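Keep the viewer open as you read.

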Amino acid sequence: MIGLAIAAVVVLYAIVIYNSLVKARQVKEEAWSGIDVQLKRRADLIPNLIETVKGYAAHEKDTLEKVVELRNRAQAVPAGDVAGRAQAEGLLSQALGRIFALAEAYPDLKANQNFAELQETLETLENEIQMSRRYYNGAARDLNVKVESFPSNLVASLFKFLKAPYFEIENPADRAVPTVKF
């Protein structure tokens with residue numbers, strides 16, 4: 001009888017652990033979705049930014065084409081490839097920084113209302129992306145702690161729960177948010 005009671009407690013505890021792992025995984029997925037939404041908003045903003053800059057800086061074609069290429073490359077990264085997406089988005093952030101640096105050479109562009117609004121929107125998006133990254137990394141950390149901690153690691157390995165990758169930028173130079181102030 002005592003053995004049956006112990007077995008029941010162990011099974012119930014395993015169920016609680018399993019449910020906490022499922023919850024942690026769902027929070028991580030929801031957090032990744034938040035990053036994805038913000039990155040999509042930024043990607044949707046880029047064509048408007050490029051068109052505005054094109055009118056003022058037509059001979060900067062290479063810079064503009066590079067931004068479009070990096071945007072397309074970032075959008076082509078598979079949904080679950082967190083590291084690949086982080087790398088692609090870091091390169092895109094650098095290229096966007098170069099676009100805003102162009103504005104210094106073109107006073108008319110800098111004074112353009114549409115450009116100023118796009119710049120402000122992009123700055124807001126960059127801040128939201130940064131907050132989403134922090135939230136995702138916190139959710140990934142919580143899941144990873146559960147996957148690696150005893151006794152939840154036993155349940156995690158039994159049901160194939162895996163550690164979540166962090167949304168990190170490999171190149172330290174890519175960590176800098178593009179400067180959008182003039």
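Helices here are DSSP runs of H or I with at least four residues, numbered from the N terminus. This is a predicted model, so local features need pLDDT of at least 70 and side-chain atom pairs count only at pLDDT 80 or more, while totals for chains, interfaces and linings use all residues. Residues are numbered from 1 along each chain as its sequence is written, and side-chain values use heavy atoms, with hydrogens and water left out.

**Salt bridges**

Let's begin with the charged pairs. A salt bridge means a side-chain nitrogen of Lys or Arg within 4 Å of a carboxyl oxygen of Asp or Glu. The structure holds eleven of them, including these:

| Pair | Closest N to O distance |
|---|---|
| R85 and E89 | 3.1 Å |
| E148 and K163 | 3.0 Å |

R85 and E89 sit four residues apart in helix α3, about one turn of the helix. Both of these residues are buried, a label for a relative accessible area under 20%, with exposed meaning over 50% and partly exposed in between (1.4 Å probe, protein chains only). R85 and E89 also belong to a salt-bridge network that links them with D36, R42 and E126.

K40 and D44 are four residues apart in helix α1, so about one helical turn separates them. K40 is partly exposed at 43% relative accessible area, and D44 is partly exposed too, at 39%.

What does the bridge between E148 and K163 tie together? E148 lies in helix α5 and K163 in the segment after α6 (152-158), so the pair connects parts that are 15 residues apart in sequence. K163 is partly exposed, with 48% relative accessibility.

**Helix α5**

Helix α5 covers residues 113-148, which makes 36 residues. The expected span is 1.5 Å times one less than the number of residues. That gives 52 Å for α5, and its end C-alpha atoms are 52 Å apart, so the two agree.

**The nonpolar cores**

In soluble globular proteins, nonpolar side chains tend to be buried together. A nonpolar core here is a set of buried Ala, Val, Leu, Ile, Met, Phe, Trp, Tyr and Cys residues joined through side-chain atoms within 4.5 Å. The largest one has 22 residues, and L49, V53, V67, L96, I99 and F115 make the most contacts inside it. Helices α1, α2 (61-76), α3 and α5 each supply at least two of its residues. The biggest giver is α3, with seven residues. Apart from this core lies another, of 20 residues, among them I17, L39, I129 and F167.

L96 and R71 are 25 residues apart in sequence, and their C-alpha atoms are 9.8 Å apart in space.

**A patch on the surface**

Which residues form a nonpolar patch on the surface? They are I2, I6 and V10, with about 320 Å² of accessible area together. V10 is in helix α1 (residues 2-56) and counts as exposed, at 52% relative accessibility. Patches are made of residues with over 30% relative accessible area and no salt bridge, with nonpolar side chains (Val, Leu, Ile, Met, Phe, Trp, Tyr) joined within 5 Å and like charges within 9 Å. The areas come from the Shrake-Rupley method with a 1.4 Å probe, and for residues only the protein chains shown count as cover.
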